[in-house]
Amino acid sequence: MSVSTPVGSAVPEHEGAGGWRHRLAERGIDRQLWLLAPAVVFVVLLFLYPFFYGLQLSFQPNEGGPFSDYDRFFSDAYQRDTIGTTLKLSLPAALFNVLAAVPLAYRMRGRFRGKRLVTTVLVVPITLGTVLTAEGLLNYLGPAGWFNRILMDLHLVHEPVTLIHNYWGVFFSLVITGFPFAFLLILSYLSGIDPSLERAAATMGAGWWQRFRRITLPLLTPGLATTFCLTFVLAFSVFPSAILVGNPAGSTRVISIAAYQAAYEQYDYPYASAIAMVMGLVELAVIALVLLWRTTLFKGSTGGKG
Amino acid sequence: MRAQGFQTLELRGVGRRFGRHSALRGLNLSIQQGEFIALLGPSGCGKSTALNCLAGLVPLTWGSIWMDGERFDQVPCEKRGFGMVFQNYALFPHLTVRGNVAFGLRMRKLPKAEIRARTQEAIRTVRLLDQADKLPGQLSGGQQQRVAIARSIVLEPAVMLMDEPLSNLDAKLRLEMRTEIRQMHQALGLTTVYVTHDQEEALSLADRLVVLRDGLVQQIGTPEDLHHRPATWHVADFMGFRNLFRLKVDRRAEHGNTVTLRGNGLELDATAVGSLSAGDTVVVGIRPEDVVVEPPGNLSEPVGEPGSWARTGRAPTGTVLDARVQVVEFTGREFAVQVRIGDEVALHLRTPQRLVAGDPTRVQLPVHRMLAFPEEVESGSSPWVGAPTSHGRGTGSPKESEVGPGPGTGSGAGTGSGARPGSGEQPGSGARPGSEAVSQ
Ligand SMILES: Nc1ncnc2c1ncn2[C@@H]1O[C@H](COP(=O)(O)OP(=O)(O)OP(=O)(O)O)[C@@H](O)[C@H]1O
Ligand SMILES: [Mg+2]
């Protein structure tokens with residue numbers, strides 16, 4: 001290696017130490033890495049510790065072998081079906097949030113007057129929190145709420161449409177809380193795409209749809225995948241709205257309700273931990289699929305300023 | 001309304017404001033089919049803004065664009081059929097070189113075989129065949145720039161807008177590409193508007209030059225016009241007048257436009273550009289190539305007296321000044337020398353003589369090469385009234401005869417050399433030794 005080169009042998013005593021330090025630095029490992037220490041400690045204490053605590057707890061059931069709680073969960077159809085119920089809610093909700101946010105964010109990617117106001121209005125649902133949103137939904141979509149009254153006054157329906165205490169109530173609540181989030185993320189991804197790319201495409205004769213389809217969308221798709229994952233995770237752990245505007249005993253008995261019941265109604269912490277682990281595994285599986293698909297896409301810089 | 005086979009493209013009072021800042025004001029320009037126009041000016045003067053206005057990428061704040069008498073500035077960018085090389089290249093990062101070059105052809109839905117052949121040909125023209133399957137992020141700056149050129153030439157647009165397309169290339173490649181651009185322009189008859197910082201590039205490529213400063217047109221004219229008769233000292237600065245000094249007019253001749261200037265311990269004769277009277281502050285300029293170094297043998301003779309034309313009545317040839325050599329740089333064929341004259345005024349010159357730093361020498365500043373400009377002038381109107389214009393002179397090359405603004409091109413203000421009949425402020429200026437300057 002470098003020891004045998006004439007340059008390297010000219011400075012034999014520094015060769016050893018300087019050599020590996022230089023090689024490490026080339027891989028991004030140097031003394032500045034110590035600056036990360038506080039963050040690492042923080043992550044370990046706040047995230048990894050509870051995770052591993054729960055993990056080991058899930059293997060110590062109150063009775064039976066280490067996997068008996070997992071066994072219990074999967075052999076009981078009432079519990080097992082919560083996975084399907086949650087996926088049926090969270091996947092469409094996440095998909096809807098992403099797909100609906102794209103055109104809106106695309107329209108709003110440039111600079112215009114009142115952009116900040118629109119953005120603020122869209123962010124409000126995030127800050128309000130799920131409970132307040134759920135209460136609003138109860139009033140708005142309920143049998144005597146505005147929405148049904150308008151429909152009936154217009155003679156579009158004869159009796160109130162049931163939109164709460166079922167699947168749709170939770171779905172709407174997931175959209176209300178998840179959409180602004182998706183919108184803001186996608187807006188920032190869009191502003192990271194150099195606007196002169198679309199202009200260049202325009203000078204080459206591409207209309208707005210082709211510009212979007214051939215330039216912006218391919219550059220945006222990795223961001224869409226990330227946004228989908230995040231809104232999916234948010235929706236998958238839905239809990240308050242599933243109880244408040246859903247049907248927690250039936251069609252919206254999501255997996256977090258199962259975990260809650262195990263922990264605080266049966267006081268079976270190992271079982272609750274096992275359910276939480278299953279929840280995490282399902283989320284990971286979905287995210288892994290999405291990210292796997294993402295690796296097939298362009299992942300270089302989008303040439304933007306953001 | 002795609003631009004194809006048009007006759008004239010006319011900009012009338014085109015301007016653009018960003019917030020409170022006017023990036024471009026009152027640009028009047030009439031572009032003939034097949035013409036090569038260079039936009040020249042210092043950084044931030046509005047060159048890119050002018051191109052963007054032409055391409056339809058930014059809406060005009062003022063003015064209008066007309067194509068063969070039809071309003072054109074409302075036509076959306078993608079329908080104009082103008083090609084553009086962006087200053088920052090704006091290559092599509094997710095497409096390979098080939099994909100980038102083929103993009104416009106695909107948009108036109110041409111047959112696959114034709115797309116492939118034309119893409120290949122364009123990539124060959126910019127000498128990037130070996131990089132054709134790379135992504136732009138894997139190319140060097142100069143290679144990216146060549147992709148940007150290939151991407152727009154492959155479309156053979158009726159009007160080609162190029163924003164400093166060669167700025168990032170090495171000297172040899174730049175010359176090659178310059179020739180390619182010129183050849184393509186001639187072979188395809190593409191109308192080209194070309195932005196550059198480089199006066200040499202502008203002079204060698206363009207049929208007409210537009211010099212901008214602070215968003216305002218300083219001068220529009222043929223390369224010869226601008227080279228020999230810059231309208232303001234800003235234009236002169238761009239045209240290679242590296243030596244520019246601020247002096248005061250001491251007196252001026254009754255006939256002709258010779259003035260004697262004084263200041264900084266100097267007294268010298270110069271040719272007035274525009275109306276000057278005693279006491280005016282002027283900026284006087286001369287190109288380094290035009291400074292004459294007296295042979296060493298003449299050093300003992302007395303210095304010729306400035307203002308001697310007043311007594312002898314003969315047209316003066318030049319002011320001779322004592323100088324001290326300061327810096328000598330060898331440039332290959334000759335030496336680039338910096339000398340000091342008067343009260344420590346630096347003067348750049350070029351000479352084949354081998355001068356030695358620290359030695360005294362003697363330089364002559366030929367009067368007709370020494371141009372004195374008013375310090376501040378209204379732009380747009382040419383001070384070279386009475387001097388032959390490009391139209392009158394365009395007898396030689398066929399190229400020149402087609403570059404003048406055609407008849408009936410609207411207001412016509414600012415087109416051609418800009419010598420407006422109304423701006424005759426300079427009595428008897430016909431005696432300007434223009435004939436000599438042309439032979440330069
Ligand atoms: N989008 C914009 N918003 C605000 N100001 C702008 C914008 N684009 C250009 N300007 C301003 O307009 C002026 C002219 O800009 P322009 O890009 O036309 O300069 P230029 O002549 O191309 O300069 P350079 O040679 O450096 O490219 C500059 O002062 C710049 O700050
Ligand atoms: Mg520019």
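Visitor: Which residues come nearest to ligand 1?
Guide: Please keep in mind that this is a predicted model. The shell around ligand 1 holds 13 residues, and by class these are three nonpolar, eight polar and two charged residues. Those that come nearest are S43(B), K47(B), S48(B), T49(B) and Q87(B).

Visitor: How much of the accessible area of ligand 1 does the protein cover?
Guide: Taken on its own, ligand 1 has 630 Å² of accessible area. The share of this area that the protein covers is 61%.

Visitor: Which element gives the largest share of the shell around ligand 1?
Guide: In chain B, both β2 (21-32) and α1 (47-55) supply at least two residues of that shell. The largest share amounts to three residues, and the element that provides them is α1(B).

Visitor: What share of the area buried between chain B and chain A do carbon and sulfur atoms give?
Guide: The contact takes 20 residues from chain B and 22 residues from chain A, and the area buried between these chains is about 1800 Å². On the side of chain B, the residues that lose the most area to chain A are E78(B), H94(B) and M107(B), together 33% of what that side buries. Over the whole buried area, the share given by carbon and sulfur atoms is 71%.

Visitor: Which residue forms a salt bridge with R211(A)?
Guide: Across the interface of chain B and chain A there is one salt bridge, alongside three residue pairs in polar contact. In the salt bridge of R211(A), the closest N and O atoms are 3.3 Å apart, and the partner is E78(B).

Visitor: Which element of chain B gives the most residues to the side that touches chain A?
Guide: At least two residues of that side are supplied by each of α2 (77-80), β6 (82-85) and α3 (97-107) of chain B. The element that gives the most, with three residues, is α3(B).

Visitor: How many residues apart are D198(B) and R174(B)?
Guide: D198(B) and R174(B) form a salt bridge with their closest N and O atoms 3.9 Å apart. D198(B) sits in the loop between β8 (191-196) and α7 (199-205), whereas R174(B) belongs to helix α6 (residues 171-188). The pair therefore links distant parts of chain B, and the separation is 24 residues.

Conventions: Residues numbered from 1 in each chain as written. Chains lettered and ligands numbered in written order. Predicted model: local features only at pLDDT ≥ 70, side-chain atom pairs only at ≥ 80, totals over all residues. Heavy atoms only, no water. Near = heavy atom within 4 Å. Areas by Shrake-Rupley, 256 points an atom, 1.4 Å probe, with all protein chains shown as cover. Helix = DSSP H or I, 4+ residues; strand = E, 2+ residues; numbered from the N terminus. Nonpolar A, V, L, I, M, F, W, Y, C, P; charged D, E, K, R; others polar. Contact = heavy atoms within 4.5 Å. Buried area = accessible area lost by both parts, 1.4 Å probe. Salt bridge = Lys/Arg side-chain N within 4 Å of Asp/Glu carboxyl O. Polar contact = N/O pair within 3.5 Å; in protein donor to acceptor, adjacent residues only side chain to side chain.
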